[in-house]
Amino acid sequence: MTLFNEAEAKAILDKVIKLSKADECSANLAGASEGNIRFARNGVSTSGEVQDCTLAVTVAYGKRVGTATIGEFDDAALERVVRRAEELAKLAPENPEFMSVIEKQTYTASTSFIEATAAITPDFRAQVAADCIEPCKADKLVAAGYFVNSNGFIATANSKGNFGYQKVTSADLTCTVRTEDERGSGWVSSNVADVALFDAKRSIRTAISKAKGSAEAKALEPGKYTVILEPEAASGLISFMLFGFDARQADEGRSFLTKKGGGNRVGEKVFDERVNIYSDPWDAEVPVPAWDQEGLARTKTQIVNKGVVEYLQYSRFWAKQKDKQAVGQPGNIIMQGGEATTEELIKQTKRGVLLTRTWYIRMVDPQSMLLTGLTRDGTFYIEDGEIKYPVKNFRFNESPVIMLNNIEALGKSVRLAGGGGGGGGLLLKMPSMKVRDFTFTSLSDAV
Amino acid sequence: MDRRTFVTLSGLGAGALLLPAYSRVIAAEVLSEKIALTLKRSLADVALAAAKEAGATYCDVRVGRYLNQFVVTREDKVENVVNTESTGVGIRVLANGTWGFAATNSLSTDSVARAAKQAVIIAKANSRLQTTPVELAAVKGVGEVSWATPIKKNAMDVPIKDKVELLLAVNAAAINAGANFVNSTLFLVNEQKYFASTDGSYIDQDVHRIWAPLTVTAIDKASGKFRSRNGLSSPMGMGFEYLEPTAEGRIAMPGGVVGYSSSYDMVADAKAAAAQAQLKLKAKSVKPGKYDLVLDPAHLWLTIHESVGHPTELDRVLGYEANFAGTSFATLDKWKSKTFQYGSERVNIFADKTQPLSLGNVGYDDEGVKTKQWDIIKDGILVNYQAIRDQVGILGEKESHGCCYADSWSSVQFQRMSNISLQAGKDKLTPDEMIADVKDGIYIVGNGSFSIDQQRYNAQFGGQLFFEIKDGKITEQIEDVAYQIRTPEFWNACAAICDERDYRHGGSFFDGKGQPSQSSAVSHGSATARFNGINVINTARNLG
């Protein structure tokens, strides 16, 4: 059994809470059926379907905490997992930062489950691969891609009477298309909650046109350029930056959001006034479960408002130290965009470079949030409002903090999976953006 | 390296400890248990028979028990102690010339037989899309054999209390030496792997690995500046004896730096890190330009990993990783030419999964091939790749290189990086003698920021410690250094390599590849090496 309904999940969690003899107990149950298909060189390389469900039980005796997990759910197994957690807790050192389990929460469910997405079959996945491969073969191009879909649920409960249950579905395609002579490469991604919005045949056309269009790349001198970052390209840098939004790191003096002389920069204008970033579990395009990993209810949270930092993430321990209220950690990140399409941003650009995607992004200096990485799968020179020719890929050394102070225009915000660029699994909604003085430090011969 | 596997940073989206998929959290005492050999053999025979009956022409079975222990501390606090266990059976088959795979966490004969049949069904279903049938290089069955990492002290048997005491002593040493913050962690791995195949092999292996990373941070509250120095240890294929300091494991290096080889004095390194982190706060910022770089093995391993290890993986070269990790500039035509000058004549790079103490050291790989050593770059020329049973035919070879790996019983095995190492120089040369010959250079110790493109041409590397070299002498610690390379130019700029006495391993505990992503552990050995005229950039920025 992998996918428990709400009543079944509640029955299991209730039993666990009742079985525990510790001072307090919390339990999380999560199950999913995840199917995938991987293809390369215009053929399927691997495919599989994995079903898994895990119960994690955490108990505390005073400040000693133990966690145990199990994948079986009969009465004997539930007894075993609770006793094992209790044994571990008794052996554990005291945690001076221990926090008692959360009070009973009120959750307002989001629309994170779509029946049609839950119903995806192996045949559907094979068809996605075929929809990507066939037009490439016909065009003498080579496709390599990965489609994965998930249908699952999460449930949480604790000894203070808290309980929540929510179902979640997702589907995600990425596909790289390369010319046979390996001189051109394009890429596309499509992440949806509702598979009715998914169309591999349409998506693959983007990757095909970028692959064909990028084949005769010319070299531009590295330096500072006005760039148009497509949403995927922007998200790589921005989602990385969000790792710096931790209150404790900032208060301890080791974040770009640390204030000189001590404390953090909440309330300060750190970015261009057009920068608005928030999280909203109920957003129709990027709905996420109504609670975070600790069970705290999520709510709509403004993170950056007109360039001013309004929110840092407080752990429950740090919130207590600083006399703040801990709120549920965001499950999605939404950067507000404008109405312009990427094509319209290009039309408004005298000279610039269009970036399809940023890649292999790593922190160079957390002090300034300086990141390095490369462009990939479609980099084009823009002149007088038109794409003139493909250019060789660049390495950039740029801080997203500086980048978000150099905004010229924002395009439409779209849904993206956060995994690739550093979003830590958060769902993202990011706009394309036109930015001046973006720093390329060297050329790459990679296609 | 897979950054996301080891993101324990605080911040949005983080906070939860990342556990390996399908792991169960277990009590410490369970870490010493093993599955009976007779049970593993009988499960394997059930799977082999069921697969053959269902129409498989080849089958291999991996009965695996994967154990991890993490002990995570900061300053005077234990943040987490986690023990995980993951047990199950993975079955791979060839049917209609196509691979199929299925796995089960149940050790019952019914479940195993069912999974074997399921693997054959998947293989047959996928064969409809197959254009070229899989051809496997022959492997002679070895019968019943066993192999174990040559550890002296099983880290899983060391009481948690001793581990906690060690880490808290490490943290106290750093704080007492002037650190503002310190994080120290123990990662312990034990893979109990049983492999059986229709070739007639029954291979039982007990593999151990250990890693003890630490990060020391110094801050200057008035300016808001902060700097960190990570530990100079390496993850190793060793037991807990690695953390018991010995005189031969301690290496006195230029600049007063102490490095480590076969053992690690974590307390001493934490103390040194605190002093060096303080110095980093005040160090001079590098002037960008061309420098002769002297790269310590604790730094150079990562450059080898990214710029030689990955581009010489044959599946990348062929395009199987095009959508994720990328392809490779080291294309088949370059190899076929037998003239592609990957590096200077003194550059000899070899693959070797038999090196003692290394992370990749096993007796047999995950498709039952005995491990070995082979050349990748000989006298600067690209001479070979890393390839497994269904790939070596492309290279005209009859034997797999023995570098197939799966990170779990539930993952499909595929080609993974072998230990890839730079051979020490033939002439006697110490790091001090090497530096004495450098007019205008930088000595870099420890690995830092790293990034490389999808074909492994353009890379950028930072480090932990940077020392200015002027007229053959180290002058002072400097900061804000990163160097940018184009891979072949970099290796052709290799002007000197110290001798065998300086040869040491560095390595990655979590190297990511594949979709769904799998991690593997790999070591890279080298002696200190010199590279002339490398482009160094200044990474300091001002946010105003």
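Predicted model: local features only at pLDDT ≥ 70, side-chain atom pairs only at ≥ 80, totals over all residues.
1. Residues are numbered from 1 along each chain as its sequence is written, with chains lettered from A and ligands numbered from 1 in the order in which they are written.

2. Chain B has nine helices and 27 strands (DSSP runs numbered from the N terminus, H or I of at least four residues for helices and E of at least two for strands). The radius of gyration of chain B is 24 Å, close to the 24 Å of the globule rule for 544 residues, so chain B is as compact as a globular protein of that length (the radius is taken over C-alpha atoms, and the rule is 2.2 Å times the number of residues to the power 0.38). The C-alpha trace of chain B spans about 70 × 55 × 45 Å along its principal axes.

3. Of the 544 residues of chain B, 60% count as buried (20 or more other C-beta atoms within 10 Å of the residue's own, with C-beta atoms placed from the backbone; 12 or fewer is exposed, and in between is partly exposed). Among contacts in chain B with a separation of 6 or more, 75% join residues 24 or more positions apart (a contact needs C-beta atoms, placed from the backbone, within 7 Å).

4. Chain B is assigned domain 1 (3-282) and domain 2 (285-538), with bounds from an automatic or database domain assignment. The C-alpha centres of these two domains of chain B are 22 Å apart. Their contact takes 53 residues from domain 1 of chain B and 48 residues from domain 2 of chain B. Strand 7 of chain B gives the most to the domain 1 side, with six residues. That side of domain 1 of chain B has 28 nonpolar, 17 polar and eight charged residues (Ala, Val, Leu, Ile, Met, Phe, Trp, Tyr, Cys and Pro are nonpolar; Asp, Glu, Lys and Arg are charged; the others, Gly among them, are polar).

5. Strand 22 (residues 473-479) of chain B pairs with strand 12 (residues 284-285) of chain B in the parallel sense over two bridges (pairing requires at least two DSSP bridges). Here S285(B) has E479(B) as its bridge partner. Strand 22 of chain B also runs antiparallel to strand 21 (residues 458-470) of chain B, joined by four bridges, and K470(B) is bridged to K473(B). Strands 21 and 22 of chain B form a hairpin with two residues between them, and D471(B) in the turn has a positive phi of about 50 degrees.

6. Chain A is assigned domain 1 (6-212) and domain 2 (216-447). Their C-alpha centres lie 25 Å apart. The contact takes 31 residues from domain 1 of chain A and 22 residues from domain 2 of chain A.

7. Between the chains, the contact takes 84 residues from chain A and 63 residues from chain B. Strand 2 (residues 43-61) of chain A gives the largest share of the chain A side, eight residues.

8. The largest nonpolar core has 299 residues, and those with the most contacts inside it include V57(A), A116(B) and A270(B) (a core is a set of buried Ala, Val, Leu, Ile, Met, Phe, Trp, Tyr and Cys residues joined through C-beta atoms within 7 Å). Strand 4 of chain A gives the largest share of this core, ten residues. Leaving aside neighbours within four places in sequence, A116(B) is in contact with residues including A47(B), C59(B) and I91(B).

Key: Contact = placed C-beta atoms within 7 Å.
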